[in-house]
Amino acid sequence: RDVYDLHLSSFPDLSPKPVAAGTTEFSFSDDGRWLARLEGFEPGVKPDLVVGPSDGSGGRKLGPEVEQYAFSPDSKHMGMLAKYSDAARAGTLTIAALPDGEIKPLGARVPNFAWSGDGRSVAFIQRFLDPIYSVDLMVHPLGAEAPVKVGKGVFGYGFTPDHQDVLFRTACIREGRACNLMRVPALRPDTAPRLIAEGIYGYKVSEDSQRLLVTFARTESDTYDVAIRKPDGTGHRTLHTGAKLPVFLAGKDGGRVVFAVGQGREGVYTATTEPGQAQAK
């Protein structure tokens, strides 16, 4: 059940040809060159990750017992959680250069990972047990000798759209509703992280990476204050107090913010994110 035989049909005739038996899922790389699939089904054992040409001709085993995998955005590497444990909900993050380059494990007890948009860096959460349990953020520029630990006790992370920085929440209190937002260069993770905002609940970055939308959880109600600032932490402007989630940035430049309001002013509102023009309409 839930295991299939994988076939491939090519244009223009679309005649199917068999690629692999006992597969659970598959995906193509963004550039269309590679076909990845989880195959080699055995009862009670997770399948292996195999990657080969997109025409289905052959393939190379990149990792055993893989649960999650993702091509880098430039389609030059594959990231995977190998030797995955359902009980721990984590595996060994492994990076493989395509098509036949080095296969490199980066860390064990990894529950998730993310590629930078340019495919030059990977960030991931790693659980450490010694000397005390800690959930830490690691960043690895491709080609570096080893990943760098950039933050301890991290709750949420992501690359900026311009691929330059990694943002992450840490030092959280109130059950994760108030955290410090930090920033570290994606290609220089050994640089000391910089504090961008204190006590935030969530954040969003405009597509041009020039505006940062942050929300603050209020203590007296299930609502949030909405503010805008520059990604370096300067230029703070509060746009509204007491909004509901979710909150959105609109437009590639993040020129407007959209949010819902309750408590007698029910409706969906929009406000400009330019300094000095924070009145909602």
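Colleague: Which residue in β8 does Gln 68 stand opposite?
Modeller: Gln 68 stands opposite Leu 81 in β8. This is a predicted model, where local features need pLDDT of at least 70, side-chain atom pairs count only at pLDDT 80 or more, and totals for chains, interfaces and linings use all residues. Residues are numbered from 1 along each chain as its sequence is written, and side-chain values use heavy atoms, with hydrogens and water left out.
Colleague: How many bridges join β7 to β8?
Modeller: Four, and the two strands run antiparallel, with β8 covering residues 77–85. Strands here are DSSP runs (E, at least two residues), numbered from the N terminus, and two of them pair if DSSP finds at least two bridges between them.
Colleague: What is the strand order in that sheet?
Modeller: β7-β8-β9-β10, an open sheet of four strands with antiparallel pairing. Its edge strands are β7 (68–71) and β10 (103–110), each pairing on one side only. Neighbouring strands in this sheet are turned by 15° against each other on average, direction ignored; the axes are lines fitted to C-alpha atoms, and angles run from 0 to 180 degrees between N-to-C directions.
Colleague: Next topic: β11-β12-β13-β14. What kind of sheet do they form?
Modeller: An open one, with antiparallel pairing.
Colleague: Why is one side of β11 and of β14 left without a neighbour?
Modeller: Because β11 (112–115) and β14 (148–151) stand at the edges, each with a single partner strand. Neighbouring strands of this sheet are turned by 30° on average, direction ignored.
Colleague: And how many bridges join β12 to β13?
Modeller: Eight, between residues 121–128 and 134–141, running antiparallel. Phe 128 stands opposite Ser 134 in β13.
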